[in-house]
Amino acid sequence: MSHCLDCGACCASFRVSFYWAETDAHPGGCVPAALTLPISPYRVAMRGTELAPVHCIALQGQVGQGVSCSIYAQRPSTCREFDVDDPRCNEIRGRFGLPPLPEVPLAA
């Protein structure tokens with residue numbers, strides 16, 4: 001997570017789409033529905049990630065210079081599942097001129 005606070009490249013690179021019931025429009029959801037827009041009858045996307053240039057509405061700060069997510073505790077599953085271990089992480093960091101993250105050795 002600490003690398004994410006200095007990066008934010010994923011929030012400015014991918015469409016963040018997920019099942020609509022993750023929004024607070026559903027009794028069990030928590031993602032603020034006001035920050036999403038429908039992309040199909042069953043899926044929504046975070047505003048700002050549906051068209052290029054991508055910039056998630058919840059991303060605060062400038063990519064590579066200290067960022068945060070304004071809804072971190074309520075972020076959708078798509079965001080929760082993306083991790084610095086994802087091979088796309090270093091690829092998108094490079095698009096913003098950020099150095100690759102060091103590989104974490106596997107525990108023995």
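## Strand pairing around β3

In this predicted model, the bridge partner of L37 in β3 is A45. T36 stands opposite M46 in β3, and Y19 has R43 of β3 as its bridge partner. Strands here are DSSP runs of E with at least two residues, and helices are runs of H or I with at least four, both numbered from the N terminus. Two strands are taken to pair if DSSP finds at least two bridges between them.

β2 and β3 (residues 43–46) run antiparallel and are joined by three bridges. A hairpin of four residues leads from β2 to β3. β1 and β3 also run antiparallel, again with three bridges between them.

## The three-stranded sheet

Together these strands form an open sheet in the order β1-β3-β2, with antiparallel pairing. β1 (17–19) and β2 (36–38) are the edge strands; each has a single partner strand, so one side of each lacks a neighbour in the sheet. On average, neighbouring strands of this sheet are turned by 35 degrees against each other, direction ignored.

## Chain architecture and basis of the values

The protein chain contains two helices and five strands. Read from the N terminus, its elements follow the order β-β-β-β-β-α-α. The radius of gyration is 14 Å, close to the 13 Å that the globule rule gives for 108 residues, so the chain is as compact as a globular protein of that length. This radius is taken over C-alpha atoms, and the globule rule is 2.2 Å times the number of residues to the power 0.38. Along the principal axes, the C-alpha atoms fill a box of roughly 40 × 35 × 20 Å.

Of the 108 residues, 33% count as buried, where buried means under 20% relative accessible area, exposed over 50%, and partly exposed in between (1.4 Å probe, protein chains only). Among contacts between residues at least 6 apart in sequence, 52% join residues at least 24 apart; a contact means heavy atoms within 4.5 Å.

Residues are numbered from 1 along each chain as its sequence is written, and side-chain values use heavy atoms, with hydrogens and water left out. Because the model is predicted, local features need pLDDT of at least 70 and side-chain atom pairs count only at pLDDT 80 or more, while totals for chains, interfaces and linings use all residues.

## Salt bridges

Side chains of opposite charge can pair when their charged atoms come close. A search of the whole structure finds two salt bridges, each defined by a side-chain nitrogen of Lys or Arg within 4 Å of a carboxyl oxygen of Asp or Glu. One of them links R88 to D86, with the closest N and O atoms 2.9 Å apart. R88 is partly exposed, at a relative accessible area of 39%, whereas D86 is buried, at 19%.

The pair R95 and E91 forms a salt bridge in which the closest N and O atoms are 2.8 Å apart. Both residues lie in helix α2 (residues 87–95), four residues apart, which is about one turn of the helix. R95 counts as exposed at 53% relative accessibility, and E91 counts as partly exposed at 47%.

T49 is located in the loop between β3 and β4 (59–61). T49 is buried, with a relative accessible area of 2%. A polar atom of the T49 side chain lies 2.7 Å from the backbone oxygen of M46. For such polar contacts, a pair of N or O atoms must lie within 3.5 Å; within protein, one must be able to donate a hydrogen and the other to accept it, and residues adjacent in sequence count only if both atoms are side-chain atoms. Residues up to four places away in sequence not counted, T49 touches F14, R15, V16, V54 and C56.

S13 belongs to the segment before β1 and counts as buried at 17% relative accessibility. The side chain of S13 has a polar atom 2.7 Å from the backbone oxygen of A9. With neighbours within four places in sequence left aside, S13 is in contact with V54, I92, R95 and F96.

Note on methods:
Axes are lines fitted to C-alpha atoms, for helices over the stretch in contact, and angles run from 0 to 180 degrees between N-to-C directions.
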